[in-house]
Amino acid sequence: MTDQRTMTNEQVLAVCRSNWEYRGIDDGSVREMLDELSAHLEDAAAAGRTPRDVVGDDVKRFAASWARARAPFARRLLRTAAMVCFVMGWLLLATCLLRWTTERAVSVNDVVFWAVLAAVTVVWELRRGSLGFGRTLAVGCVVGLPVVLLAQWLGGDGTLFTVPLWAAALLLLPGLPYAVADVRGRRDATPDAG
């Protein structure tokens, strides 16, 4: 392990990048933050100061505090809630289209599965950053399915209520701006191949 008192600028930047990506800061913001920190580190080096003079004794703590300032909890909570609604809207739409119906019957299993999946996703996203589609499916299988089986065993699988197809549009709306921003951010982050 590298002694934080003797870290180079590149090592400080690598630790910060890793911390920010772990926390789910978007790629564009990470690049901006790295550019800004790199400029501060270069200015400090030109003035005869060390990276420790810029970031303090604990690089990870510095990176975490900067990440919290860049993406405050309330904003991350709002984004996560909107994205959970967005995913539920797409799944409702897909279910209705696959079954050629204008409504979706919701059972105890559905409610329990979505509650558990939403809770785990929200906790994960707020703590560690974006869960992603693949990990969401894995969480659904590992955590959600056993809970659904228990709920079915305890409560049965009768229909609680039905959700009309138009509810999918209402669920999609809050997350749409975030989804578009994520797609644009990924597109802008990919280098041109030409």
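Helix α1 and helix α4 (residues 59–70) have axes that come within 9 Å and cross at roughly 45 degrees. The two helices are therefore oblique to each other; angles under 35 degrees count as roughly parallel, over 145 as roughly antiparallel, 65 to 115 as roughly perpendicular and the rest as oblique. Axes here are lines fitted to C-alpha atoms, for helices over the stretch in contact, and angles run from 0 to 180 degrees between N-to-C directions. Helices (H or I, at least four residues) and strands (E, at least two) are DSSP runs, numbered from the N terminus.

The model is predicted, so local features need pLDDT of at least 70 and side-chain atom pairs count only at pLDDT 80 or more, while totals for chains, interfaces and linings use all residues. Residues are numbered from 1 along each chain as its sequence is written, and side-chain values use heavy atoms, with hydrogens and water left out.

Val12, Val15, Cys16, Asn19 and Trp20 of α1 make the contact with Val59, Lys60, Phe62, Ala63, Ala64, Trp66 and Ala67 of α4, where contact means heavy atoms within 4.5 Å. By type, the residues of this contact are 10 nonpolar, 1 polar and 1 charged. Ala, Val, Leu, Ile, Met, Phe, Trp, Tyr, Cys and Pro count as nonpolar, Asp, Glu, Lys and Arg as charged, and the others, Gly among them, as polar.

Helix α1 (residues 9–22) also packs with helix α2 (residues 27–46): their axes come within 10 Å and cross at roughly 155 degrees. That angle makes α1 roughly antiparallel to α2. From α1, Asn9, Val12, Leu13, Cys16, Arg17 and Trp20 meet Val30, Met33, Leu34, Leu37, Ser38, Leu41 and Glu42 of α2. This contact divides into 9 nonpolar, 2 polar and 2 charged residues.

How do α2 and α4 lie to each other, and at what angle do they cross? Their axes come within 12 Å and cross at roughly 130 degrees, and the two helices are therefore oblique. Ser29, Glu32, Met33, Glu36 and Leu37 of α2 touch Phe62, Trp66, Ala67 and Arg70 of α4. Here the residues are 5 nonpolar, 1 polar and 3 charged.

Elsewhere, the second largest pocket holds about 450 Å³ of space. A pocket is an open set of points on a 1 Å grid over the protein atoms alone, where a 1.4 Å probe fits, with protein on both sides within 12 Å along at least five of seven lines; lining residues have an atom within 4 Å of a point. Grid points are joined across faces, edges and corners, and the volume is the space filled by probe spheres set on the points. Of its 14 lining residues, Leu91, Thr95, Arg104, Asp110 and Trp114 are the closest to the centre. The largest share of the lining, 5 residues, comes from α5.
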